[in-house]
Amino acid sequence: MEMKVLGCALLFPLQIFLCLLRAIVRFFTRQKRRDLGTDVVLITGGGRGIGRHLAKEFAEQGARKVILWGRTEKCLKETCEEISMTGTECHYFVCDVGNREEVYQQAKGLREKVGDVTILVNNAAVVHGKSLMDSDDDALLKTQHINTLGQFWTTKAFLPRMLELCNGHVVCINSILSLSSIPGAIDYCTSKASSYAFMESLTLGLLDCPGVGCTTVLPFHTDTEMFQGMRVRFPKLFPPLNPEMVAERTVDAVRTNTAFVVLPWTMHFLVILKSLLPQSALEEIHKFSGSYTCMNTFKGQT
């Protein structure tokens with residue numbers, strides 16, 4: 001037993017080196033991409049913002065069916081009609097992912113009407129943009145129910161069938177704020193940190209499940225109605241991301257089975273700095289960059 005443990009300990013550095021080598025090769029070579037021709041894609045919060053662009057991108061990349069969930073029927077209907085005009089079969093269902101029973105009921109109806117979902121995109125989210133003391137209790141609960149618990153309910157509704165089929169992918173549109181919080185969005189930052197932990201645990205838990213994978217996307221501030229009014233100090237240095245680009249990178253990450261995507265890639269440095277610098281230095285970075293006050297002008301749409 002001791003020799004076996006010793007052997008594993010000696011092989012461990014080699015395994016880590018090989019993983020790094022594979023990652024480097026993967027970065028510089030074109031990867032084989034998943035054919036979406038047989039996939040049924042469900043996108044929560046699919047009526048507007050990033051969700052709308054995700055629906056269009058999945059359709060453009062050849063998904064067999066695209067399903068939209070959301071709380072606003074007008075937006076869902078408009079997006080559904082736009083997707084249908086491209087020739088891709090599209091359906092929508094009004095569903096609040098923060099309501100567990102509604103999720104399970106709509107999931108059952110979806111399977112009966114459309115078929116098995118093979119790609120689940122958890123995109124639905126809200127933000128109220130206030131400090132803790134200025135936040136209404138119900139608003140705080142709403143954010144947690146939609147941004148965090150909603151993923152529990154949707155994943156529990158569709159993952160079992162993916163595992164049976166040995167074919168599926170769970171996607172989370174998260175945020176870089178899950179790794180580096182800002183003042184004035186305590187509800188959102190907390191929910192996204194929880195969501196990140198959920199996906200990290202789920203990704204590891206599915207390592208031995210053939211055909212089923214996970215992708216977590218962590219974008220910087222994206223130019224949508226959701227964070228309208230948010231201002232950083234140097235917008236030319238840190239411009240908001242284009243939602244079309246976020247959608248394109250997300251779909252490509254699904255097709256290449258990439259587990260985690262940080263947008264833009266320069267945000268990796270932020271994560272490294274958080275691990276190395278003292279809190280006082282991090283506070284100065286927040287003040288210098290303007291992230292300390294960026295939510296003061298927030299007037300986004302929830």
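A nonpolar core here is a set of buried Ala, Val, Leu, Ile, Met, Phe, Trp, Tyr and Cys residues joined through side-chain atoms within 4.5 Å. Buried means under 20% relative accessible area, exposed over 50%, and partly exposed in between (1.4 Å probe, protein chains only). What you have open is a predicted model, so local features need pLDDT of at least 70 and side-chain atom pairs count only at pLDDT 80 or more, while totals for chains, interfaces and linings use all residues. Residues are numbered from 1 along each chain as its sequence is written, and side-chain values use heavy atoms, with hydrogens and water left out.

**Stop 1: the cores**

Select Ile-43, Leu-54, Phe-58, Val-66, Ile-119 and Val-121. Among the 34 residues of the largest nonpolar core, these touch the most other members. Contact means heavy atoms within 4.5 Å. Beyond its neighbours within four places in sequence, Leu-54 contacts Ile-43, Val-121, Asn-123, Ile-173, Ala-247, Thr-250 and Val-251. Apart from this core lies another, of 29 residues, including Ile-67, Val-117, Trp-153 and Val-170. In soluble globular proteins, nonpolar side chains tend to be buried together.

**Stop 2: the annotated domain**

Next, colour residues 39-230. An unreviewed UniProt entry annotates them as "domain: Ketoreductase"; positions from UniProt are given in the numbering used here, feature names are shortened, and annotations may be inferred rather than shown by experiment. Over that range the chain is 45% helix and 18% strand, and the end C-alpha atoms are 36 Å apart. Helices (H or I, at least four residues) and strands (E, at least two) are DSSP runs, numbered from the N terminus.

**Stop 3: the cavity**

Rolling a probe the size of a water molecule over the atoms shows where empty space is left. On a 1 Å grid over the protein atoms alone, a cavity is a set of points where a 1.4 Å probe fits but cannot get out, and lining residues have an atom within 4 Å of a point. Grid points are joined across faces, edges and corners, and a volume is the space filled by probe spheres set on the points.

How many cavities of 30 Å³ or more does the structure hold? There is 1, and the largest cavity has a volume of about 60 Å³. Select Asn-122, Asn-123, Ala-124, Ile-146 and Gln-151: of the 13 lining residues, these are the closest to its centre. Helix H5 (137-165) and strand E5 (168-173) are the elements that give two or more residues to the lining, and H5 gives the most, with 5 residues. By class, the lining has 5 nonpolar, 7 polar and 1 charged residues (Ala, Val, Leu, Ile, Met, Phe, Trp, Tyr, Cys and Pro count as nonpolar, Asp, Glu, Lys and Arg as charged, and the others, Gly among them, as polar).

**Stop 4**

Jump to Ser-191 in helix H6 (residues 186-205). Is Ser-191 buried or exposed? Ser-191 counts as buried because its relative accessible area is 0%. Leaving out residues up to four places away in sequence, Ser-191 touches Thr-143, Gln-144, Asn-147 and Thr-148.

Then pick Leu-163, in helix H5. Leu-163 has 34% relative accessibility, so it counts as partly exposed. Not counting residues up to four places away in sequence, Leu-163 touches Leu-206, Cys-209 and Val-212. Draw a distance from Leu-163 to Gly-129: they are 34 residues apart along the chain, with C-alpha atoms separated by 38 Å.

**Stop 5**

Follow H5 into the loop between H5 and E5, where Cys-166 is found. Cys-166 has a positive phi of about 55° although it is not a glycine, and at 41% relative accessibility it is partly exposed. Asn-257, in the loop between helix H7 (243-255) and E7, also has a positive phi of about 55° without being a glycine. Asn-257 is partly exposed at 49%.

Move on to Leu-263 and Pro-264, which are joined by a cis peptide bond with omega about -15°. Pro-264 lies in the loop between strand E7 (260-263) and helix H8 (267-276).

**Stop 6**

Glu-248 is partly exposed, at 43% relative accessibility.

Finish on Thr-297, in the segment after helix H9 (279-289). Thr-297 and Arg-231 are 66 residues apart in sequence, with a C-alpha to C-alpha distance of 6.8 Å. Setting aside neighbours within four places in sequence, Thr-297 is in contact with Gln-228, Gly-229, Met-230 and Arg-231.

How values were computed:
1 Å grid on protein atoms, 1.4 Å probe; cavity = no way out; pocket = protein on both sides within 12 Å on 5 of 7 lines; lining within 4 Å.
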